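Subject: Structure handover

Hello,

I am passing on the structure we spoke about. My notes on it follow below.

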Amino acid sequence: MNIMEIDTVDIDLEKNAVVIIDQTKLPNEVVLKDLRDPKEIWEAIYKLEVRGAPAIGVAAAFGIYVIAQDLSEKFSSDEEGFCKAFVEQKEYLNSSRPTAVNLSWALNRMEDCLKAHLGQGVPAMVEALKNESIEIRDEDIRVCKKIGEYGVELIKDGDGVLTHCNAGKLATIRYGTATSPIYVAAERGMKLRVYCDETRPLLQGARLTSFELFESGIDTTLLCDNMSAALMKQGKVNAIFVGCDRVAANGDTANKIGTSVVATVAARYGVPVYIAAPTSTIDMNCKTGDDIIIEQRDGKEVTDMWYEKPMAPAGVKVFNPAFDVTDNELIAGIVTEYGIARAPYTESLKEIFEKKKEMRLS
Ligand code: MRU
């Protein structure tokens with residue numbers, strides 16, 4: 001099974017299940033997993049079986065639809081009971097991970113859809129929820145492609161591009177965000193050298209990004225997280241593209257832990273850092289990066305997870321935030337589906353949302 005031919009997250013309407021590529025099994029096995037009940041969906045997000053901000057959003061949208069479909073049997077003629085149960089389940093799914101805004105963005109969109117159909121009866125509401133979840137998925141595909149088309153303008157044939165974590169196809173439905181310019185470049189016959197940070201502690205760069213780029217025939221080189229300064233010093237990196245989990249209104253960007261290290265080193269060597277950001281990941285309600293909640297994860301991910309025996313003394317304290325915030329002054333541009341925002345981001349991001357209102361691509 002070639003993962004590039006399978007959508008990362010899908011819906012099986014007959015089985016009433018969310019279908020995901022289980023990313024914890026990659027790169028060694030490609031396993032599709034059906035998610036049906038709320039706990040299964042919650043755990044799949046929490047355990048990173050499905051991960052990456054846009055993919056989490058789509059999984060949550062399909063997830064709440066699947067749950068709503070089940071609830072509709074119990075509450076077939078009780079709209080009020082149905083809505084109450086829907087909101088409870090929505091809040092439950094929303095508690096699975098805190099940093100990626102796409103999770104609450106998609107779930108709120110599903111709740112807005114529900115509210116817009118109040119009074120029309122439970123079956124009509126469920127039908128509307130189905131259509132909305134499919135639209136959220138379809139939009140993701142269009143949006144990522146657009147990001148690739150804008151992003152490719154920032155690179156040229158022969159460039160070296162570095163990326164951190166996985167903001168690839170596996171983090172979205174098809175093209176990825178940070179990888180989309182790379183895939184568009186390949187479609188246009190451009191030859192790039194792509195460098196993937198392995199991305200400790202969960203190795204998204206090694207297990208996922210290098211895997212999907214390599215499978216796609218892209219010139220791919222894997223490096224440990226502490227090697228990118230050496231690479232930049234040798235002049236091998238022309239541009240850095242990363243994804244994001246939440247961009248604040250001033251451009252401060254939360255992304256996978258280590259992104260701010262890469263950006264700080266890049267400033268030293270004059271390499272531009274671009275954030276690939278669907279507008280669904282830009283949170284204008286967060287003024288600055290200080291307002292972004294950073295997920296803290298189990299220390300065992302650092303000490304035990306990839307080893308036969310623990311690789312640290314039992315009981316040692318572990319610092320394991322899943323994300324960090326890159327200050328806006330380290331960012332050369334934020335590539336959205338409506339164009340590229342440049343500093344000052346407080347102004348340019350507002351303009352992007354103005355464009356979004358006019359163009360309604362997403
Ligand atoms: O913990 P993860 O694997 O969900 O973190 C993912 C990232 O940090 C990605 O870079 C981000 O979600 C953007 S995905 C297009």
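Two residues count as being in contact when heavy atoms of theirs lie within 4.5 Å. The model is a predicted one.

By that cut-off, and leaving aside neighbours within four places in sequence, Met110 is in contact with Ala61, Ile64, Tyr65, Phe86, Leu129, Glu132, Ser133 and Ile136. Met110 belongs to the largest nonpolar core, which has 45 residues. Along with Val9, Val50, Phe82 and Leu129, Met110 touches the most other members of that core. The elements that give two or more residues to this core are strands S1 (9-12) and S2 (17-21), and helices H1 (38-46), H2 (53-74), H3 (79-94), H4 (101-116) and H5 (122-151). H2 supplies the largest share, 14 residues. A second, separate core has 26 residues, including Val242, Val265, Ile282 and Ile352.

Thr99 sits in the loop between H3 and H4. Thr99 counts as buried because its relative accessible area is 0%, and the cut-off for that term is under 20%. Its side chain reaches the backbone oxygen of Ile293 at 2.7 Å. Not counting residues up to four places away in sequence, Thr99 also touches Asp245, Arg246 and Phe323, among others.

Asp245 leads on to the ligand: a polar side-chain atom of Asp245 is 2.9 Å from a ligand oxygen atom. Polar backbone atoms of Gly52 and Ala53 also lie by ligand oxygen atoms, at 3.0 Å for Gly52 and 2.9 Å for Ala53. Taken alone, the ligand exposes 410 Å², and the protein buries 99% of that. The ligand is surrounded by 18 residues, and the closest are Arg51, Ala53, Arg97, Asn255 and Lys256.

Regards

Definitions and conventions
Residues are numbered from 1 along each chain as its sequence is written. This is a predicted model: local features need pLDDT of at least 70, side-chain atom pairs count only at pLDDT 80 or more; totals for chains, interfaces and linings use all residues. Side-chain values use heavy atoms; hydrogens and water are left out. A nonpolar core is a set of buried Ala, Val, Leu, Ile, Met, Phe, Trp, Tyr and Cys residues joined through side-chain atoms within 4.5 Å. Buried means under 20% relative accessible area, exposed over 50%, partly exposed in between (1.4 Å probe, protein chains only). Helices (H or I, at least four residues) and strands (E, at least two) are DSSP runs, numbered from the N terminus. A polar contact is a pair of N or O atoms within 3.5 Å; within protein, one must be able to donate a hydrogen and the other to accept it, and residues adjacent in sequence count only if both atoms are side-chain atoms. A residue is near a molecule or strand if one of its heavy atoms lies within 4 Å of it. Accessible areas come from the Shrake-Rupley method with a 1.4 Å probe; for residues, only the protein chains shown count as cover.
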